[in-house]
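Please read the points below with the model open beside you.

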Amino acid sequence: MKSTILATILLLLSPFAFAGPRYVGNGGDTYSLQFLVYAEKLNKYLQYSNIEGLNVNLLRDAISSTKVESTNQQLVLNGIPKDAINYPAEKRIIFNSDRWIGFTEDEKLSLVLHEYLGLIGLEDAKYTYSKLILKDMTTVQRIRNGSDSMWQICQDDTLVVNLYEHRAEVESTPTGAIQHRATNITLIYGGWVLIGELRDASTGNVTLRHTNGSYSGTVSINSNRRLTLVGTLKLAGYEEQLNMTMLCAEKYGR
């Protein structure tokens, strides 16, 4: 299946009901996939942000139309070593995977934001603007999701699953209010990003979708941070039965 995926033209992605980040590279480039996950988290937040001087629509458009790739070669701009370089005219970001590995979660999110701000021409010297946006982002997350949400990333050699479990709507019933919960599920394989949701459970049947791609089957998240997928993966006419378990790592808990 891997050879089929690698030979397929990568699609314009659309997580959370809007066009999402674009991925460039081969199926084994997990660093670009990780970058994409952070960009997705940023794009979701931007739906609710209200930062003075920030053109949210322009930034979200940059995220949806920019190609992302990693390299283990040193990046230099004007004679200065860089962690990443953005090319506005080409709508492209390239970042150093060796540097990326050593970053904390906050540093990775900050780098992703910094590069997209550069693409839209917003001056972000010493990450000043990035820090302001990330501070607001944390506030928005706490207000919307409460103090008990959880973000996890699960992966094996070729597949990444992003899990974001949080409070959903409150339902009024004759016996009192019921606080529902939801887990947003994003399955990333090569250039495909499939989106779906699991409600009020850690195990259940789900359908994850994107143009020319889908996953239908069960998702099970256990207390040992292991995710099991049993179902059918369909990508551009190719079909495969999945029965796999992968280890998850918690990234942010609120």
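1. Helix 2 is mostly covered, with 15 of its 16 residues buried. Buried means under 20% relative accessible area, exposed means over 50%, and partly exposed lies in between (1.4 Å probe, protein chains only). Helices (H or I, at least four residues) and strands (E, at least two) are DSSP runs, numbered from the N terminus. The length of helix 2 also checks out: at 1.5 Å a residue its 16 residues should span 22 Å, and its end C-alpha atoms are 23 Å apart, which agrees. The expected span is 1.5 Å times one less than the number of residues.

2. A word on the source of these values. This is a predicted model, in which local features need pLDDT of at least 70 and side-chain atom pairs count only at pLDDT 80 or more, while totals for chains, interfaces and linings use all residues. Residues are numbered from 1 along each chain as its sequence is written, and side-chain values use heavy atoms, with hydrogens and water left out.

3. The protein chain as a whole has six helices and 14 strands. Of its 254 residues, 49% are buried. Among contacts with a separation of 6 or more, 50% join residues 24 or more positions apart. Contact means heavy atoms within 4.5 Å.

4. In soluble globular proteins, nonpolar side chains tend to be buried together. A nonpolar core is a set of buried Ala, Val, Leu, Ile, Met, Phe, Trp, Tyr and Cys residues joined through side-chain atoms within 4.5 Å. The largest one here has 38 residues, and F35, L46, L54, Y116 and I133 have the most contacts inside it. The elements that give two or more residues to this core include helix 3 (56–65), helix 5 (105–119), helix 6 (128–145) and strand 8 (159–173). Helix 2 gives the most, with eight residues. Another core lies apart from this one; it has 23 residues, among them L194, L235, M244 and C248.

5. Two packed helices are described by the angle between their axes and the distance between the axes. Axes are lines fitted to C-alpha atoms, for helices over the stretch in contact, and angles run from 0 to 180 degrees between N-to-C directions. Helix 2 and helix 5 pack at about 75 degrees, with their axes 9 Å apart. That makes helix 2 roughly perpendicular to helix 5. Angles under 35 degrees count as roughly parallel, over 145 as roughly antiparallel, 65 to 115 as roughly perpendicular and the rest as oblique. Q34, F35, Y38, A39 and L42 of helix 2 make the contact with E105, K108, L109, V112, L113 and Y116 of helix 5.

6. How do helix 3 and helix 5 pack, and at what angle? The angle is about 105 degrees, with the axes 9 Å apart, and the two helices are therefore roughly perpendicular to each other. L59, A62 and I63 of helix 3 meet L113, Y116 and L117 of helix 5 in this contact.

7. Side chains of opposite charge can pair when their charged atoms come close. How many salt bridges does the structure hold? It holds five, a salt bridge being a side-chain nitrogen of Lys or Arg within 4 Å of a carboxyl oxygen of Asp or Glu. R99 and D83 form one of them, at 2.7 Å from N to O. R99 lies in helix 4 (residues 97–101) and D83 in the loop between strand 4 (80–82) and strand 5 (84–87), so the pair ties together parts that are 16 residues apart in sequence. R99 is partly exposed at 45% relative accessible area, and D83 is partly exposed at 21%.

8. E165 and R181 also meet in a salt bridge, at 2.4 Å from N to O. This pair links distant parts of the chain, E165 in strand 8 and R181 in strand 9 (residues 176–189), 16 residues apart. E165 counts as partly exposed at 25%, and R181 likewise at 21%. R199 pairs with E197, the closest N and O atoms being 3.3 Å apart. Salt bridges also link E69, E90 and R92 in a network.

9. Is S214 buried or exposed? S214, in strand 12 (residues 213–221), is buried, with a relative accessible area of 14%. The C-alpha atoms of S214 and L194 are separated by 6.4 Å, although the two are 20 residues apart along the chain. Not counting residues up to four places away in sequence, S214 touches L194, L208, R209, T232, L233 and K234.
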